Amino acid sequence: MTAGFSEFYYIKVPYQKTDAMEKYRLSVNGNMQEVSAPEDMPLLWVIRDLLSLKGTKFGCGQALCGACTVHVDGVATRSCSLPVSAVGDRKITTIEGLSANGDHPLQKAWQEHVVPQCGYCQTGQLMNAAALLNENPHPSETEIEEAMAGNLCRCGTYNRIKDAILTASKS
Amino acid sequence: MIPKLPFLSKKVPADKSKLFIPGRRDFLKLSSLIGGGFVLGVNFQCSGPKGETVTFAPNAYLSIDSDNTVTIIAHRSEMGTGIRTTLPMIVADELGADWKAVKIQQAVGDEATYGDQNTDGSYSIRMFFEPMRRAGATARHMLVEAAAQEWNVEASGCDTREGMVVHQASGQTVPFGELVELLQQMPIPEAEKLTLRKLSDYKLVGKSVPIYDVKDITEGKALFGADVDLPGQQIAVILRSPVVGGKIRTYNEEKALQVPGVNKVVQISGNGVHPGLNKPLEGLAVIADHTWAAMKGREALEVDWELGENQDYQCATQMEAMIESTLKEGRLRREKGDVKQAFSSGGRIFENTYRAPYYAHATIEPPTALADYKEDGSIEIWAPTQHPQWARDSVAEALEIEVSQVRVNVTLLGGGFGRKSKPDYVVEAALLSKAIQKPVRVQWTREDDIHHDFYHSHSAQRIKAGLDATGKLTAWNHHTVFPAIGGTSSADELHPSDGEMGLGCTDFPYEVPNIRIESHEAKAHTRVGWLRSVSNIHHAFAICSMLDEIAEEQGMDPVGYVLSLLGEDRQLAFSEEMKGAYPNYGEAIEEYPWDTARMKKVIQRVAQEAGWGSAEKDGKTLGFAAHKSFLTYVACIVEVAEDEAGNLIIPEVHYAVDCGIPVNTDRIRSQFEGGAQFATSLALSSAIQFENGRVIQNNFDGYQIIRMTQAPKKIFTHIIESTEKPTGVGEPPVPPFIPALCNALYKLKGKRIYELPVKEVFV
Ligand code: FES
Ligand code: FES
C-alpha cells in the first residue's frame, strides 16, 4: 500500500496559541497595503481573504498544484506555502497586476488559443508562464513542460497552454 | 432523496425538456428578475415612462432591451465544457443577434422556469439543442413580423442579422431594440410551430466559437465558488468523520476557540452508514473570520469518534472478494443463445480478469459554497454546483423550509466531473449559516476533497470469450462487480443498477451468437458517485482490452477485427436479450439506436488519420479502441514511445467522433483534448485506496493526476460531418482512451495490462 497515510484526524495537535495579529506592510501590484494577520498565515489567504483579490486560487495548500502562483520579486511562488511574515519588502504581483489591461502577451495568446476549460487553474498557469518567459523568453517545448510541471490542470488544457506559451514567446 | 439521473434511468415523458414560455403577466416580473430592464437614461422609443429601457422576453432564455442589449440565459452550469457559451450561441444564431454584443447571464436554480438544469450525463446539447433553437426562433419570428408591419412589406422577405431586422429587397434595416415596444403588443407564437433556420444557414452553430468567459478568466476576474464575498461572512472548515458512517461521541473545542479569528464550533449530523448523495457527513465545523484561522482551528479540535462498521473496511480485501465472486454464477443481466454450450465446442478460450481502482474527481477547485440565511427564514446560496435544482431542494429539505425560500446562484465551477452535482457541501453551508445567523462560506481543503469524495467505484471484471474452430468469436461471458451508486443511499443496492450496467457493459454491440452478462454483489463502504463517463471507464477498459488481445493472439489486425465484429450495418435495440431495462442514457432506443454503421465510420476515420495501416513502416507503436457512450460514437488511437531515460511518452492521440451535428467545434476539440488527459491520469497515475475505512491518500502527492510532462504531446480530434441529432462530448472521450493506451503499451512492452492504474510506466 502506498505510504503517506497521515494520522491527520487523530493527532492531538500541540497547538501554540499565537499572540495577537501582527501588522505587515506589503507591496501588492505596485500598491502598499497594510494587513493584520498571524505571522504564519500563508500569503494566499492574505491575498484572497484580507485583500480580496480573488484571481489567485486555492487548490491544494501544499505547493503541489500551482493554482495559487504569484510573483514575489518576479519569481513564480506558491503563495499557499509562503507565510506572510516571510514576504518582507519583496514585491508581490498577482494576476490582477500582470498587465494593465489584460493584454500581457500570454493573456492574448491564451485568448487566441482559447486555452481555458473551467478556467480555475489558469491564473496560476499564466503567472507561472509569465515568470518562465521573463527568465527564458524563447523556451523549447521540453523547457516549457518542465517549467510548467508544477501547475496542475484537471480539465486537461496542457496542450493549449504549451501552444499559447510558444505563441507568446514569438510575439 | 435521489435526483433524476437521466443517464442512469429511463426518461419519464414529463422530463422532456420543453420551452418555458411565461405568459404575458409574467413579463415584467421576468424582465426585472433577470436584471435586464429598467435602466434609466437610454433614449429610445418605448412604452414605459420616458427614458426607461424596456425589455422584451418572449421566453425564459432570452430578452431584448430597447437599448439593443440581447441577454441570453445560460441555465446549465459551466464546469469547463463550454456549455455556458454553446447553448446561448444557438439561441443567438437562430435569433440573428450580434454575438459579440450578446450578454450571457447565469440562471438561478429554478426548474419551473428553465427546465432541467442538472448539468450531468453529457446531455445539455442533446436535450437543449432544439429548445434553444426554438427560443431564438420565437423572438426572430416576432421581430421580423414587427418590422414587416412597420415597413408594410411581406415578412417572408425579411430576416435578422447582427442584431437587426433586414428587408432583403430594399436593404432597409432596423435594430432589434427599436422594435421592442411593438413586440410587447404582439402575441407570442407557439414555439413548436416555428420554422427554424437551415443548418447550413447558421453562422455560429457548426463553427469554432471561443468561450464567453475567456477574457475574464485570463484576467482573474471570473467568479468561482469561493470568489463571492458577503459583508459579515464567516468561513467554515469542517472536520468530517474519517470513516463513512462515523459519529461524534464527544469533542473538545477549547483549543480551537483559542485560535485568533476562530469564533465558534458547530456540529453537523451525518446520515449514518448510508450517507446518501445529498447529505453532509457527520462533522465539526470551525467557524472563523478567515480561512486560515478556520483551518488552524480545525487542527486544534479534539474529537472522539464512534467510527462505526466501516472502520474495518479494506478495499484490497473487498477487491479479492469481488474477483472471487466473478467465478460464480451471478445475477443475469443480458442473455442471448447459450454460452455454456458454445464454450464446450472445443475452440480456443480466452479468460481474463480486469481490475480498476477507486478514483476521486479532484477538481482543482475543491468544493465550496456560500450561504446567507436571512431573518425571514429564507436563504440565498452561491455555489459552484452542477445541479442547482437539487441543491435547492436539498437545502429546503435540510432546513425544513419551502423550496421557494431557497435561491441558488450558480458561479463558475472550477471543474465538476460529476462531483459537484452532489449538493452535500451546499447543505453544509446552509446549515451553518442558519446555526450562526450569518453568511457562511464552507471551504473544503484538498485533503477534505480526497478523503470525502463520492468516488468512482473500484471494480473487478472477468470476461470469458470462446472462439469456434475457425477462430470466430462465438461466446462472450462478462462478469462485472463494483459497489453501486445506489449503495450510497441504501443497504439493498448491492448490484449495479440497469443504468450502470447499460454504461458500456450490457450494451455490448458486437455480433456474437452467444452472450451472457452477469453482475455480482458488492457493498458500498464509502460514498460512491459518478465520475466523467461513470462505469463506462472500467467496462470499456475490459472489453476493448479483451478484443485487442483476441485479435492479436490470432494474428489479426485489431481494427479490422472490431470492424468485422460490428457486422452488417444495423441498428441495435438489445430489447429481448436484456434482463431488465436498458435506459439508453434516458432516450428512447427508437430515436437513438445503437448504429453499427456510425461506429464503423469513426473507426475507419481514426485508422486513416492516425496512419494505422502504415504504423509499422513509420516505426510507430499504436493502440486502438472504440467505444460508444452517452450516445456519441468514438474511436481512438494512441501512440506510445519510450524516451532515453525509460519514461513513457505519448507522442500522438487521434480521436474520431460522431456526435451528430457538431455544435461548437472548438469546444468539441477541447473536450477531447481534456478527455485524453483526464483518461491518462486514470490509466497511469491515479488511485484511491481505503485502509480501515479511511482513504490513505491525502493530497496531490498521494492522489496523482498527470502533469504537463506526462500529457499526450499532440491530440487530434476528427469530427464526422453529420446531420444526426447532436449528442454530448463531455464524457465520451474518456472510455476508449484507456484501453487504446493499454493496447499500445502491450505492443511496446509485450505485456498485457489487466489492472489500472499502470503506475510503473513512469520511471
Ligand atoms: S494551492 Fe498552492 S500550490 Fe496548490
Ligand atoms: S482549466 Fe480546469 S483545471 Fe485547468
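**Chain contacts and local geometry**

Student: How many residue pairs are in polar contact across the interface of chain B and chain A?

Tutor: Between chain B and chain A there are 29 residue pairs in polar contact, both residues being at pLDDT 80 or more (N or O atoms within 3.5 Å, one able to donate a hydrogen and the other to accept it, with sequence neighbours counted only if both atoms are side-chain atoms). The model is predicted, so local features need pLDDT of at least 70 and side-chain atom pairs 80 or more, whereas totals for chains, interfaces and linings use all residues. Residues are numbered from 1 along each chain as written, chains are lettered from A and ligands numbered from 1 in written order, and side-chain values use heavy atoms, without hydrogens and water.

Student: And how many salt bridges between the two chains?

Tutor: The count between chain B and chain A is 7, a salt bridge being a Lys or Arg side-chain nitrogen within 4 Å of an Asp or Glu carboxyl oxygen. One of them joins Arg160(A) to Glu673(B), with N to O at 2.7 Å.

Student: Which helix gives the most to chain B's side?

Tutor: That is helix H19 of chain B, residues 665–684, which supplies 10 residues to the side touching chain A (helices are DSSP runs of H or I, at least four residues, and strands are E runs of at least two, numbered from the N terminus).

Student: How many residues are in contact overall?

Tutor: On chain B 86 residues are in contact with 69 residues of chain A, where contact means heavy atoms within 4.5 Å. The two chains bury about 6600 Å² between them, 58% of it on carbon and sulfur atoms; this is the accessible area (1.4 Å probe) lost on being put together, summed over both parts.

Student: Switching topic, which parts of the chain does the Glu320(B) and Arg355(B) pair link?

Tutor: Glu320(B) forms a salt bridge with Arg355(B), the closest N and O atoms being 3.3 Å apart. The pair links distant parts of the chain, 35 residues apart, with Glu320(B) in helix H9 (residues 315–325) and Arg355(B) in strand E14 (residues 349–356).

Student: Where is the cis peptide bond?

Tutor: The cis bond joins Leu756(B) and Pro757(B), with omega about -10°, and Pro757(B) lies in the segment after helix H20 (734–749) of chain B.

Student: What is phi of Glu400(B)?

Tutor: Phi of Glu400(B) is near 55°, a positive value in a residue other than glycine. Glu400(B) sits in the loop between helix H11 (388–399) and strand E17 (406–410) of chain B.
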